[in-house]
Amino acid sequence: MKLQFTIEGGNFSNAGHAASEIKKMLKQLGIEARCIRNIVIALYEAEVNVVAHAFEGQILVDIETDKITTEIIDKGPGIPDIELAMQEGYSTASKKVREMGFGAGMGLPNIKKNTDEFYIESTVNSGTTLKMINYF
């Protein structure tokens, strides 16, 4: 099953929509609750990152019998130092984003912790692509 969602940069009221929809579908498919939890945490963090840092993004989801593969592709400023961005607590979030309760610098580390496979590519002044794989 293939699904696609659009993320609007700066629209925090819609952040988490895709994660919520995926959670419902995985429950209907009878996927183990712990696995669903990990997938939803990683996807929510990725959505919030796009909303907080990028202009727009796409989420591409492929649910197979043994795994879910999710790609998040954004158009935005990109990440100049991925190694630094992967450190817990490191954040480039604006003051406004932090005042809303986001931008604690846990997004990428939480994504990595909650996925079986995690890949990230980024180009400054272009955007970032995340690929997350979770096995059932």
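Met 132 lies in strand S5; strands (E, at least two residues) and helices (H or I, at least four) are DSSP runs, numbered from the N terminus. The model is predicted, so to speak: local features need pLDDT of at least 70, side-chain atom pairs count only at pLDDT 80 or more, and totals for chains, interfaces and linings use all residues. Residues are numbered from 1 along each chain as its sequence is written, and side-chain values use heavy atoms, with hydrogens and water left out.

Met 132 has a relative accessibility of 2%, so it counts as buried (under 20% relative accessible area; exposed is over 50%, partly exposed in between, with a 1.4 Å probe and protein chains only). Neighbours within four places in sequence aside, Met 132 is in contact with Ala 42, Leu 43, Ile 68, Thr 69, Thr 70, Ile 72, Ile 111, Thr 115, Glu 117 and Phe 118, where contact means heavy atoms within 4.5 Å. Ile 120 is twelve residues away from Met 132 in sequence, and their C-alpha atoms are 8.9 Å apart.

Next, the strands on either side of the story. S5 pairs with S4 in the antiparallel sense over seven bridges, and S3 and S5 also pair antiparallel, over seven bridges; two strands pair if DSSP finds at least two bridges between them. Thr 69, for its part, is partnered by Ile 133 in S5. S4 and S5 make a hairpin with three residues between them, and Asn 125 in the turn has a positive phi of about 65°.

Now for the core. The largest nonpolar core holds 36 residues, with Ile 22 and Ile 72 having the most contacts inside it; such a core is a set of buried Ala, Val, Leu, Ile, Met, Phe, Trp, Tyr and Cys residues joined through side-chain atoms within 4.5 Å. Elements that each supply at least two of its residues include strand S1 (2–8), helix H1 (17–28), helix H5 (107–113) and strand S5 (127–135). H2 gives the most, with ten residues. Ile 72 touches, among others beyond four places in sequence, Ile 7, Leu 43, Val 50, Ile 59 and Met 132. In soluble globular proteins, nonpolar side chains tend to be buried together.

Arg 34 also lies in helix H2, but this residue is exposed, with a relative accessible area of 60%. Arg 34 and Phe 136 are 102 residues apart in sequence, yet 9.8 Å apart in space, C-alpha to C-alpha.
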